[in-house]
Amino acid sequence: MQKLLLTGFEPFLDFPINPTMEVVEALDGKVIGDYHVQTALLPVSFKHVKQAMITKLEEMNPDAVILLGLAAGRDKITPERIAINVNDGPVDNNGVQPMDEPIHMDGDDGYFSTLPIRQMVERLHHHGFPAKISNTAGAYLCNHVMYQVLYYLKKQNINIPAGFIHIPASHRLALTNSKLPSWSQHDLTRAIEICIETLE
């Protein structure tokens, strides 16, 4: 049985709920397709997230990695195409706010996802879930952790499917902000299951 590392983030900024937490809690320990799912909850911290992520990768030695993040305001499941070599954006949960800062001085300008993102979108559509490929993961923690993972895998010559998927707000989160488009938590979790089922 192959091992899949699935990660989510803690709440951050003005979002008291992060639906990725509930997705990883729901799927932890499950067998989906060819994969046994193991999960991790990551800190919204530029200082600490790299070590938390690399430690988990080294402990687990997964056969695939799917990173999840909240994209409040999006109304579709959006697998990310690329991570870019820059930190920029609002403050993290430790009050740190980098500006125009390279993630790795020796890193490429960008790293493409190695997940089957087109097939994921097509499979989600087949099951009736709105989805599209996103060409920007931003420059905040979601982009940061995607870049860190893809950089690490390239440096270690590890060739496995790895990448990032943004999910919309849950209904419960939208209750705190009526302007947010939202999905049921059940549908968010099922959509990620479908993405995992796409892996071969």
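Trainee: How many helices and strands does the protein chain have?

Mentor: Please keep in mind that this is a predicted model. Both kinds of element occur in the protein chain, and the count is six helices and ten strands.

Trainee: What radius of gyration does the protein chain have, and why does it agree with a compact globule?

Mentor: The C-alpha atoms fill a box of roughly 40 × 40 × 25 Å along the principal axes. For 200 residues, a compact globule would have a radius of gyration near 16 Å. The protein chain agrees with this, because its own value is 16 Å.

Trainee: What percentage of the 200 residues count as buried?

Mentor: A residue counts as buried when its relative accessible area is under 20%. By this cut-off, the buried part of the 200 residues is 52%.

Trainee: Which percentage of the contacts with a separation of 6 or more comes from residues 24 or more positions apart?

Mentor: Consider the contacts in the protein chain whose separation is 6 or more. Within that set, residues 24 or more positions apart account for 78%.

Trainee: How many aromatic pairs are there, and what is the arrangement of Tyr-111 and Tyr-151?

Mentor: The structure holds seven aromatic pairs. In the pair of Tyr-111 and Tyr-151, the ring centres are 6.4 Å apart and the planes stand at 65°. Planes over 60 degrees apart count as edge-to-face, so the arrangement of Tyr-111 and Tyr-151 is edge-to-face.

Trainee: Which elements hold Tyr-111 and Tyr-151, and are these residues buried or exposed?

Mentor: Tyr-111 belongs to strand 7 (residues 110-112) and Tyr-151 to helix 4 (residues 141-155), so their pair ties together parts 40 residues apart in sequence. As for accessibility, both Tyr-111 and Tyr-151 are buried.

Trainee: What is the arrangement of the rings of Phe-129 and Trp-183?

Mentor: Phe-129 lies in the loop between helix 3 (117-126) and helix 4, and Trp-183 in strand 10 (residues 182-183), so the pair ties together parts 54 residues apart in sequence. The ring centres are 5.8 Å apart. Because the planes are at 20°, the pair is stacked.

Trainee: Are Phe-129 and Trp-183 buried or exposed?

Mentor: The relative accessibility of Phe-129 is 11%, so Phe-129 counts as buried. Trp-183 has 10% relative accessibility and therefore also counts as buried.

Trainee: Which residues do ring pairs link into a cluster?

Mentor: Here the ring pairs join several residues into a cluster. Its members are Phe-12, Phe-15, Phe-46 and Tyr-140.

Notes: Residues numbered from 1 in each chain as written. Predicted model: local features only at pLDDT ≥ 70, side-chain atom pairs only at ≥ 80, totals over all residues. Heavy atoms only, no water. Helix = DSSP H or I, 4+ residues; strand = E, 2+ residues; numbered from the N terminus. Rg over C-alpha atoms; globule rule 2.2 N^0.38 Å. Buried < 20%, exposed > 50% of the residue type's maximum accessible area, 1.4 Å probe, protein only. Contact = heavy atoms within 4.5 Å. Phe/Tyr/Trp six-rings, centres within 6.5 Å; stacked < 30°, edge-to-face > 60°.
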